[in-house]
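Here is a short note to read beside the model. Please keep the structure open and go through the points in order.

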Amino acid sequence: MHTWSSPSSRRRTVSRTRARLTAAALATAALLVSACSPGGSSVASSSAAAPRTGAADVPALAPLPRTAPAALKPYYTQRLKWRDCGAPGFQCATMKAPLDYDKPAAGDVRLAVARKTATGGAKPLGSLLVNPGGPGGSAIDYLQQYAGLGYPAEVRARYDMVAMDPRGVARSEPVGCLDDRQMDTFTQTDLTPDDQAERDAVVASDKKFAQACGARSARLLRHVSTVEAARDMDVLRAVLGDPKLNYVGASYGTLLGATYAGLFPGRVGRVVLDGALDPSLDSRTVNLEQTAGFETAFHAFAEDCARQTDCPLGGSGTTPAQAGDRLKAFFRELDARPLSAGDPHRKLGEALATTGVIAAMYDQGAWGRLRAALTSAMKDHDGEGLLALSDSYYERDASGHYTNLMMANSAVNCLDLPPAFTGPEQLAKDVPAFEKASPVFGEGLAWASLNCTYWPVRATGEPRRIPARGAAPIVVVGTTRDPATPYRWAQSLSRQLSSGHLLTYAGDGHTAFGRGSTCIDSAIDSYLLHGTPPAHGKRCS
């Protein structure tokens with residue numbers, strides 16, 4: 001897939017309510033990517049007409065032996081050398097992990113770690129590892145820009161706040177693929193092809209991306225799976241001196257945390273999984289259900305928009321379907337005639353405009369910005385606002401430089417699951433199902449599901465249930481109108497986990513912790529501080 005990722009958190013404040021875009025930014029990337037670009041081998045995991053699979057339909061993830069092999073002992077007993085790292089109050093270090101856990105002698109991967117020590121005042125609770133998602137979001141950025149400053153003071157007083165960029169991400173031997181100019185071209189690829197030539201262009205774009213990743217990151221590309229990243233987390237737990245892992249993961253970070261629990265159930269401490277993925281689903285199902293999630297989010301936006309005086313999609317009485325028709329008509333206009341957007345090298349075409357709209361679906365706090373951007377584009381023929389939303393989603397800065405978010409995203413997703421489709425012919429037959437799931441975004445999200453078909457490395461993972469039998473209570477948080485991680489995924493994961501406790505936020509946006517719901521925040525704070533999970537099925541607004 002042409003990875004969809006959320007707006008960057010770098011420009012967010014650290015206030016608890018506004019921080020959601022921080023978490024949702026990295027976390028968002030986490031999932032959109034995961035859903036839209038899963039897969040990795042050349043054999044599809046399900047047919048175009050396959051029904052929803054998951055849970056009882058797939059085998060369970062088996063735990064690893066309680067005692068690590070002797071060959072791994074040097075990693076588990078290493079000592080980190082902490083140093084100042086440019087952010088006041090934070091320290092950084094480098095941890096070694098085996099590139100290949102099955103062949104520890106084959107070499108190491110160096111992983112970046114950061115921490116902010118507990119501020120003190122009460123009995124310390126050890127370390128609290130955080131991950132915002134992606135895959136590809138920088139956990140260290142998330143720690144330094146939000147979690148280490150914006151988490152509740154009581155939590156920061158009793159925990160050392162810790163983050164590790166997963167292998168292949170940001171500071172941890174980042175996966176590399178396309179250069180910045182090539183990424184500009186890639187992000188503008190038309191994902192609603194009108195003829196065979198445009199279909200061929202989508203395939204060529206995905207092949208070029210995959211081939212570049214294989215050429216630039218050959219050593220690492222086979223070893224950036226979620227299972228390997230979860231094993232790295234266990235090494236970090238031991239190196240930090242914690243008998244159990246305490247963890248807060250958002251979006252893709254929930255898959256990482258759930259996988260850890262499945263592999264090491266006896267080492268689970270206090271674990272929160274916010275905006276949960278369902279690990280039992282195949283790629284095609286993930287993509288289709290996430291597509292439906294974005295339609296749900298758009299309906300919520302459209303209903304709100306119609307109540308505002310500055311809605312460019314229609315006034316009072318406009319239905320979401322009518323608003324969607326107007327937006328699609330606008331996208332078709334951009335397909336034929338892109339708009340100037342304040343960038344001498346790029347114009348706002350359909351692909352970038354669609355990404356800009358999708359970016360704003362992650363948090364209702366961005367709806368006002370989206371209305372303004374759509375008004376400028378649709379009425380004043382100025383695409384700058386939508387282009388800025390798209391750039392924030394792709395983590396492209398003002399100088400035109402991209403982080404490696406999208407590259408790491410594909411690398412992890414394409415290794416974790418076989419691809420959704422064998423090729424464009426199979427995909428084209430399934431486009432109607434995606435359009436049914438989302439009349440607004442369905443076709444584009446269907447074609448975005450193709451890139452892992454051409455990945456240079458075969459997938460090593462497959463759908464798995466995660467029971468994590470014997471684990472301490474795990475809190476799974478689901479938002480009822482989450483665009484990127486549909487609520488049913490949280491319901492499914494909480495049922496799979498033998499100790500899962502479902503906490504529901506009835507609302508909009510991607511993930512719930514820190515969004516402003518006192519009910520959600522107090523339940524999670526109490527769990528982190530006292531170890532008492534909320535009652536299973538607790539519902540908040």
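1. **Terms and basis.** Buried means under 20% relative accessible area, exposed means over 50%, and partly exposed is in between (1.4 Å probe, protein chains only). A salt bridge is a side-chain nitrogen of Lys or Arg within 4 Å of a carboxyl oxygen of Asp or Glu. Lys and Arg count as positive and Asp and Glu as negative, while His and the chain ends are not counted. This is a predicted model: local features need pLDDT of at least 70, side-chain atom pairs count only at pLDDT 80 or more, and totals for chains, interfaces and linings use all residues. Residues are numbered from 1 along each chain as its sequence is written, and side-chain values use heavy atoms, with hydrogens and water left out.

2. **An arginine without a partner.** R231 sits in helix α7, residues 226-240. Helices (H or I, at least four residues) and strands (E, at least two) are DSSP runs, numbered from the N terminus. R231 is buried but has no salt bridge. The nearest side chain of opposite charge is D102, 4.7 Å away. Which residues does R231 contact, leaving aside neighbours within four places in sequence? They are L64, L72, Y101, L263 and F264. Contact here means heavy atoms within 4.5 Å.

3. R267 and D234 do form a salt bridge, with their closest N and O atoms 2.5 Å apart. R267 is in the loop between α8 (252-263) and β7 (268-274) and D234 is in helix α7, so the pair ties together parts 33 residues apart in sequence. R267 counts as buried at 17% relative accessibility. D234 counts as buried at 0%.

4. **Helices α9 and α12.** The axes of α9 (residues 283-306) and α12 (residues 367-380) come within 11 Å and cross at roughly 75°. That makes α9 roughly perpendicular to α12. Axes are lines fitted to C-alpha atoms, for helices over the stretch in contact, and angles run from 0 to 180 degrees between N-to-C directions. Angles under 35 degrees count as roughly parallel, over 145 as roughly antiparallel, 65 to 115 as roughly perpendicular and the rest as oblique. From α9, the residues A297, A300, F301, D304 and C305 meet W367, L370, R371 and L374 of α12.

5. D304 and R371 meet in a salt bridge through their side chains (3.7 Å, N to O). D304 in α9 and R371 in α12 are 67 residues apart, and the pair links distant parts of the chain. D304 is buried at 16% relative accessible area, and R371 is buried at 11%.

6. **Other salt bridges.** The count comes to 19 salt bridges. One joins the side chains of R464 and E462 (2.5 Å, N to O). R464 is partly exposed at 27% relative accessibility, and E462 is partly exposed at 41%. D184, D343, R346, D391 and R396 are linked in a salt-bridge network.

7. **Strand β6.** N246 belongs to strand β6, residues 245-250. Is N246 buried or exposed? N246 is buried, at 9% relative accessible area. N246 and G269 are 23 residues apart in sequence, yet 4.9 Å apart in space, C-alpha to C-alpha. Not counting residues up to four places away in sequence, N246 touches L125, S127, L128, L129, Y159, G269 and R270.

8. **Helix α17.** In α17 (residues 487-496), 7 of the 10 residues are buried, so the helix is largely enclosed by the rest of the structure. The buried residues are Y487, W489, A490, S492, L493, S494 and Q496.
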